Amino acid sequence: MTYDPATANPLFGNPLKTRDDVENGLRDLFQPLLPYFSEGGARVRLDGAGAHFDRAAADLEGFARPLWGLTPLAAGGAEFDHWEIYRQGLANGTDPGHPEYWGTVNGTDQRQVELAAIGFTLKMLPHLVWEPLPQKAKDNLAAYLKHARKFEYADNNWKFFRILVDLGLEECGVEFDRSYTDAYLEELEGFYLDGGWYRDGNVRRIDHYIPFAMHFYGLIYAKLAKGDDKRVADYKSRAKEFARDIQHWFDEDGGTLVFGRSLTYRFACGGFWGALAFADVEALPWGVIKGHFLRHLRWWSKLPIAHGNGVLSIGYGYPNLFMSESYNSAGSPYWALKAFLPLALPADHPFWMAEEVEADFDEAPVPLKHPGMVSFHTKGNVVALSSGQQNWQMRHGAEKYAKFVYSSRYGFSVEVDERAYPSGAFDGALALSDDGRHYRVRETNETAQIAGDTLHAVWKPWSDVTVETWLIPANPWHIRVHRITTPRALHGTEGGFAIDRAEFNADTYIDEKGRGVAKSKTDVSAIVCLLGGREGRAFRTLPNSNLIFSKAIVPQLRGDIPAGTTVLVTAAMALPTGAETEAALSAVPAAPDIAELEALFAREGVDVSAIMVPERF
């Protein structure tokens with residue numbers, strides 16, 4: 001029998017239908033970490049992969065991040081056999097004279113991130129991690145936390161980390177300067193937009209950090225803070241509004257939109273649903289919230305996301321360093337344990353008592369002004385047309401933020417050779433080349449607007465080349481219109497959705513004028529040229545470039561673009577195999593009228609929040 005890497009996933013085979021299943025899942029995720037705790041308990045080093053911060057901070061990350069799940073587990077009344085390791089680790093990691101000391105914070109530092117989980121644990125479980133410590137260890141731990149919180153935190157969701165530390169210090173009776181807390185709570189208000197949406201800081205970027213950071217921490221604060229009634233009410237009401245929108249980043253099977261950075265945190269994306277329960281916010285009926293939460297965990301349970309020893313890997317659908325961020329160490333993926341926050345709730349909480357409700361999405365497009373998206377649901381998938389967002393200083397930023405379309409079922413690909421234009425995947429993107437070797441794709445926009453369920457953006461791949469792009473939903477298809485003005489001849493490659501590729505070329509590839517189609521055992525992906533006279537091909541992408549499939553096929557359209565102004569019109573779709581899909585292949589939508597699109601935006605176009613310049617930018 002051939003080894004199936006998915007079986008190393010600690011969630012593999014877990015039905016994940018009940019509270020007991022979820023608790024067992026958490027325990028199974030933690031168990032593989034035990035051999036990697038240092039002798040003094042303060043450090044967890046899982047492999048040799050590096051991040052931009054020092055090794056001690058990475059070891060602290062490995063130590064602290066499991067607390068996001070373990071703390072709710074104990075708060076909910078469950079036994080856990082290894083709190084003594086954590087008590088030793090807290091004592092030794094904050095003792096400057098101990099060889100496992102975590103190092104001193106002297107500015108904005110990764111340690112500030114990881115101390116948030118410790119603050120949360122002190123708040124929730126002082127009887128387990130604070131009160132049993134000897135006085136010297138208490139003094140060292142308090143001093144370490146108070147010293148770290150004096151420095152500025154990154155100007156984004158990090159500001160919540162000081163607040164979580166302060167909740168823990170307050171619970172343990174430690175005196176500290178409360179003005180620091182109040183200042184950050186006020187500054188976080190500056191990131192709020194409207195309709196439940198935030199930015200993750202002073203940037204033009206709206207991604208999964210909004211549900212699994214801004215709202216997640218806000219809902220923890222709403223549950224645990226005392227005497228801040230106005231802000232608590234705001235956090236809860238915003239989460240209610242947000243839930244109505246963010247459910248359209250999830251598909252009927254529990255997958256979530258593969259978009260943006262930090263995707264190695266995996267099922268942290270479902271943490272928002274658990275945080276609603278933790279804060280007693282019935283933003284949707286409890287059965288609906290529970291359904292989103294459990295389906296998401298089940299979706300992940302089927303994928304080979306762990307190494308053979310059961311330790312979660314850096315990657316998304318499988319181990320993959322190509323898509324990682326510069327701040328991902330081997331312990332980073334354990335932010336996924338944020339999903340286990342509702343284990344803090346008793347078994348008779350309405351969230352756990354509710355009957356899970358299946359997803360009930362219709363085919364209508366859902367405009368999302370703030371992230372600049374239009375979502376629509378297809379079978380086992382959610383598709384999001386995207387206006388594109390700021391992606392500076394981000395590895396593979398253009399792929400993570402600036403493609404035309406994103407998906408839960410098909411993910412997206414990162415380019416693994418930026419000097420090999422003919423070998424690019426370019427799924428959900430238009431790549432342009434002026435030398436046949438190098439290429440440009442959309443990285444940022446000059447303008448981006450939404451009008452009803454249609455998007456429009458202006459972008460410049462070179463300073464002297466301008467592209468206008470309109471994106472229109474036509475479920476299960478979507479249409480892209482590009483008007484390209486260039487002073488010199490270019491070549492263009494435009495990709496559809498990437499799908500899983502079978503071994504031994506057991507798939508069907510259709511390469512013909514004006515159309516590329518890829519058919520696998522499970523899925524069909526097609527791209528059609530409605531205007532522009534391009535050639536189609538079904539292209540085998542370079543391995544380990546797609547985030548979900550280690551080997552993929554992507555249909556593409558390719559052709560010359562002469563100097564002057566050229567209009568390209570494209571239709572693309574992907575669906576699971578079946579009779580309905582074959583019927584959809586024969587029902588390609590018609591090209592829209594550009595004059596009508598221009599008139600629409602003249603009447604109704606508004607700037608999307610993700611492109612507007614923040615006041616403090």
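A charge is taken to sit over a ring if NZ of Lys or CZ of Arg is within 6 Å of the ring centre and within 35 degrees of the ring normal. By this criterion the charged end of Arg162 sits over the ring of Tyr184, 3.9 Å from its centre. Arg537 likewise lies over the face of Phe539, with 4.1 Å to the ring centre. The model is a predicted one, in which local features need pLDDT of at least 70 and side-chain atom pairs count only at pLDDT 80 or more, while totals for chains, interfaces and linings use all residues. Residues are numbered from 1 along each chain as its sequence is written, and side-chain values use heavy atoms, with hydrogens and water left out.

A pair of aromatic rings is described by the distance of the centres and the angle of the planes. The structure holds 47 aromatic pairs (rings of Phe, Tyr and Trp, the last by its six-membered ring, with centres within 6.5 Å; planes under 30 degrees apart count as stacked, over 60 as edge-to-face and the rest as tilted). The ring centres of Trp158 and Phe161 are 6.3 Å apart and their planes stand at 45 degrees, so this pair is tilted. Both Trp158 and Phe161 are buried (buried means under 20% relative accessible area, exposed over 50%, partly exposed in between, with a 1.4 Å probe and protein chains only).

Phe161 also takes part in helix packing. Helices (H or I, at least four residues) and strands (E, at least two) are DSSP runs, numbered from the N terminus. Axes are lines fitted to C-alpha atoms, for helices over the stretch in contact, and angles run from 0 to 180 degrees between N-to-C directions. The axes of helix H8 (residues 159-171) and helix H10 (residues 209-224) come within 11 Å and cross at roughly 25 degrees. H8 and H10 are therefore roughly parallel (under 35 degrees; over 145 counts as roughly antiparallel, 65 to 115 as roughly perpendicular and the rest as oblique). Their crossing is left-handed, meaning that the near helix is turned anticlockwise from the far one by less than a right angle, with clockwise counted as right-handed. Contact (heavy atoms within 4.5 Å) involves residues including Phe160, Phe161 and Leu164 of H8 and Met214, Tyr217 and Tyr221 of H10.

Helix H11 (residues 229-246) and helix H12 (residues 271-278) pack with their axes 12 Å apart, at an angle of about 150 degrees. H11 and H12 are therefore roughly antiparallel, and the crossing of H11 and H12 is left-handed. Ala239, Phe242, Ala243 and Ile246 of H11 make the contact with Phe272, Trp273 and Leu276 of H12.

Most residues other than glycine have a negative phi, and most peptide bonds are trans. Asp280, in the loop between H12 and helix H13 (286-301), has a positive phi near 60 degrees. At 40% relative accessibility, Asp280 is partly exposed. Phi is also positive at His396, about 55 degrees, in the loop between strand E5 (381-386) and helix H15 (397-401). His396 is buried, at 16% relative accessibility. The peptide bond from Asn475 to Pro476 is cis, with omega near 10 degrees, and Pro476 lies in the loop between strand E10 (465-474) and strand E11 (477-486).

Asp427 occupies the loop between strand E6 (405-407) and strand E7 (430-433) and is buried, with a relative accessible area of 4%.
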